[in-house]
Amino acid sequence: MYAETKDGFAVSLIVADKGQVHFDVLSPCVRPSAVADSASRATAPLDPEAEFIPRPNIHSDFWSADRG
């Protein structure tokens, strides 16, 4: 979904192939700024040989889709 006003305000909602949700808002009143590095380290255990961070694999009876 994408919507934009004539004044330049916009919002978009994307649901990706693995169920990830992306919600973006654009406001002409705000200037872009740099994103600061994280002040803390990741707490999840990662395989030192892994090339990428794995996708979450935790099932929730409430939030998870039934892939049966």
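1. Basis. The model is predicted; local features need pLDDT of at least 70 and side-chain atom pairs count only at pLDDT 80 or more, while totals for chains, interfaces and linings use all residues. Residues are numbered from 1 along each chain as its sequence is written, and side-chain values use heavy atoms, with hydrogens and water left out.

2. Strands β1 and β2. Strand β1 covers residues 2-4 and pairs with β2 in the antiparallel sense over three bridges. Strands here are DSSP runs (E, at least two residues), numbered from the N terminus, and two strands pair if DSSP finds at least two bridges between them. Glu4 has Ala10 as its bridge partner in β2. Five residues lie between the strands of this hairpin, and Gly8 takes a positive phi near 100° there.

3. Strands β2 and β3. These two strands also pair in the antiparallel sense, over six bridges. They form a hairpin with five residues between them, and Gly19 in the turn has a positive phi of about 90°. Ala10 stands opposite Leu26 in β3, and Val15 has Val21 in β3 as its bridge partner.

4. Cover of β3. Is β3 hardly covered or well covered? β3 is hardly covered: of its six residues, the count of buried ones is zero. Buried means under 20% relative accessible area, exposed means over 50%, and partly exposed is in between (1.4 Å probe, protein chains only).

5. Nonpolar patch. Met1, Leu13, Val15, Val21, Phe23 and Val25 form a nonpolar patch on the surface, with about 650 Å² of accessible area together. Areas come from the Shrake-Rupley method with a 1.4 Å probe, and for residues only the protein chains shown count as cover. Patch residues have over 30% relative accessible area and no salt bridge; nonpolar side chains (Val, Leu, Ile, Met, Phe, Trp, Tyr) are joined within 5 Å, and like charges within 9 Å. A salt bridge is a side-chain nitrogen of Lys or Arg within 4 Å of a carboxyl oxygen of Asp or Glu. β2 (10-15) and β3 (21-26) each supply at least two residues of the patch, and β3 gives the largest share, three residues.

6. Val15. Val15 counts as exposed because its relative accessibility is 59%.

7. Ser38. This residue lies in the segment after β3. Ser38 counts as exposed because its relative accessibility is 60%. The side chain of Ser38 reaches the backbone oxygen of Ser40 at 2.7 Å.

Note on methods
Helices (H or I, at least four residues) and strands (E, at least two) are DSSP runs, numbered from the N terminus. A polar contact is a pair of N or O atoms within 3.5 Å; within protein, one must be able to donate a hydrogen and the other to accept it, and residues adjacent in sequence count only if both atoms are side-chain atoms.
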